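Look over the sequence and the model first.

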Amino acid sequence: MTVSPPYDTPAPQRTLEPDAYRARVAPAIGDAAYLASLKKVTQYYVVTAFIALFIGVLLGPLQAFNYAGINVYENPILKALLKSYYQGLSLHGVLNALVFTQFFISGWLLYLPTRDMGARINMKFAWGTYIMMTAGLLIAAVPLLLNKATLLYTFYPPMEGHWAFYVGATIMVAASLLVAGQVVLTWVGWKKQNPGQVTPLVTFMSVSLWMMWLVCSLGLVAEALLVLLPWVFGLRPGVDPLIAKTLFWWTGHAIVYFWLLPAYISWYAFLPKQAGGRIVSEPLARLTFVMFLLNSTPVGIHHQYADPNISNTWKMIHMFLTFLVAIPSLLTAFSIAGSLEDAARARGGRGLFGMLTHLPWKDPVVVGQILAMVSFIGGGAGGIITASFAFSPVIHNTAWIPGHFHITVGTAVTQTFMAIAFWLVPHLTGKRLVAPKVALASMWLWFTGMMFFAVGMHWEGLLGVPRRALISAVALPIYKEGYMHSQIPMALTGISGVILLLAGLSFFYVLFATLLSPRVDDAEAATPLPYSETISPAGRSLRGASPLVRATEPLLALWVVAFALVALMYGPVLMRLTQNASLVPGCNYYTTVQSEVGCNEQR
């Protein structure tokens, strides 16, 4: 007979090392020249990213004014710089959403895991990836600036751009894949040298993110190599727009998590320390990143509800998988809120809401990230609506979409990266942050401007105002009749453009003034990596780790599962599209308009 244990029998406890709860310290690097080179290449990546953002930010108010009904594109000075609204929009989208994010993430997530593991990487290879990525940027920039690749950041065919744009963009993506490969292989080497050890949290999150990118980028790689490049070089007589679009959204939705998860790394690993608190649970953070690795890629077809030749069954499956992505985001909200509560209570905060006043609201690093997280609450809720089979047709291709995009990528991601820069640049350079009060003001201005923009654009979208349209050029009586009751959201959108311009100028003043100031500190001593202490650590040894830590540690095996899932979710869809391919000729509509030659005559 089996006898149940008494209820007061204590559960078996894991035995963790005495220092497991303490904040991690980055392993020392004795080679000063190597460390200086590692910091320098990271600095080049980060500064290049913010130069791209600076140009994109200057173009941003033009888009806001357009949706306020103010047509600034007829200004003679602006017409000399930009051939059309669509060229400005293409530059804004490509520089902000593709160039800025890719350069920042490549530098940020090359440096962090390398320092976290105390590893020595091949610096010639690291510099080579930066040079390769920059070369790709410059190649793609030429046709963009010459109005020969005005395709918007999705570059949907059959709109056809200059071949240099596709080649340059492909080189940029290839460079980021090389960065990913270097980090993953460095981690594999670390595992061989440290058998039975738990991967440090920052390294674990970084490696899982790069693995996710290596899975999700395959769609864009396939589109470039198998569809776009053979087409623009005349090796194929035409292009199937639906195949290209499906391959794009294989990457196009998952790339949002490629942008977002580097912000999550800061929120989980560094923000608790910066706010005065602790990480709530390392195992929970690891689970969150594994869930993104497995579930962030096979969800892109929810962007294609209106497209033919894709079964509604597959659309519904992708919808439900998209909803599952909300789970790790909710886990993150719970965990980070707990860390901030811990910080506030450690500072004397009491009560349900009274503790909020005890957070370090004068620190631009903390404030920028908290405001970014607040914006993501609305972004996450809006994402569920956007992915819904029932609601998507209401807001699809309306101003709602850029409104949503700007509180996810434009605020949650971009503002976090801005806040990170306030401590990362001093850490890399040994220079002190210039004008901290201006830095703090820039964070509040950016958040306020984005909230005005988001409310205005969501509102206009619900009234049926289309996205990617020069609505400010529509005749006024027709405009009033077509978009009744839109005066208030239009005003909000116009105001947002002014606020965001002030925010951007304030931020870049602080950033560039800091970069140009003299070196005054030992960066390692004055601004060390801000690792946080942990309430529930993962431990150092797998033998004493919890079942959740042991289940999430084999990232290589989980990576194979991620490949299998995306093959299962996209293989049948792409097979059907390929069997029913319909090639059409391309057309550069902007050249056509300028030359008054029809597309058929061009080809």
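What volume does the largest cavity have? About 40 Å³. The model is predicted. A search of the whole structure finds 1 cavity of 30 Å³ or more.

**Cavity lining**

Two elements each give two or more residues to the lining of the largest cavity: α15 (400-429) and α18 (487-516). The lining includes Ala421, Phe422, Val425 and Pro426. Leu433, Phe507, Val510, Leu511 and Thr514 also line this cavity. By class, 8 lining residues are nonpolar and 1 is polar. None is charged.

**Core**

The largest nonpolar core holds 174 residues. Phe50 and Trp210 touch the most other members. Helix α6 (residues 201-232) supplies the largest share of this core, 20 residues.

Leaving aside residues up to four places away in sequence, Phe50 touches Phe100, Phe104, Phe417, Met418, Ala421, Phe507, Phe508 and Leu511. Among these partners of Phe50 are Ala421, Phe507 and Leu511, which also line the largest cavity.

**Overall fold**

The protein has 23 helices and 2 strands. Its radius of gyration agrees with that of a compact globule, because 603 residues would give a value near 25 Å and the protein has 25 Å. Of contacts between residues at least 6 apart in sequence, 85% join residues at least 24 apart.

| Property of the protein | Value |
|---|---|
| Box filled by C-alpha atoms, along the principal axes | roughly 80 × 60 × 50 Å |
| Radius of gyration | 25 Å |
| Buried share of the 603 residues | 57% |

Technical notes:
Residues are numbered from 1 along each chain as its sequence is written. This is a predicted model: local features need pLDDT of at least 70, side-chain atom pairs count only at pLDDT 80 or more; totals for chains, interfaces and linings use all residues. Side-chain values use heavy atoms; hydrogens and water are left out. On a 1 Å grid over the protein atoms alone, a cavity is a set of points where a 1.4 Å probe fits but cannot get out, and a pocket is an open set with protein on both sides within 12 Å along at least five of seven lines; lining residues have an atom within 4 Å of a point. Grid points are joined across faces, edges and corners, and a volume is the space filled by probe spheres set on the points. Helices (H or I, at least four residues) and strands (E, at least two) are DSSP runs, numbered from the N terminus. Ala, Val, Leu, Ile, Met, Phe, Trp, Tyr, Cys and Pro count as nonpolar, Asp, Glu, Lys and Arg as charged, and the others, Gly among them, as polar. A nonpolar core is a set of buried Ala, Val, Leu, Ile, Met, Phe, Trp, Tyr and Cys residues joined through side-chain atoms within 4.5 Å. Buried means under 20% relative accessible area, exposed over 50%, partly exposed in between (1.4 Å probe, protein chains only). Contact means heavy atoms within 4.5 Å. The radius of gyration is taken over C-alpha atoms; the globule rule is 2.2 Å times the number of residues to the power 0.38.
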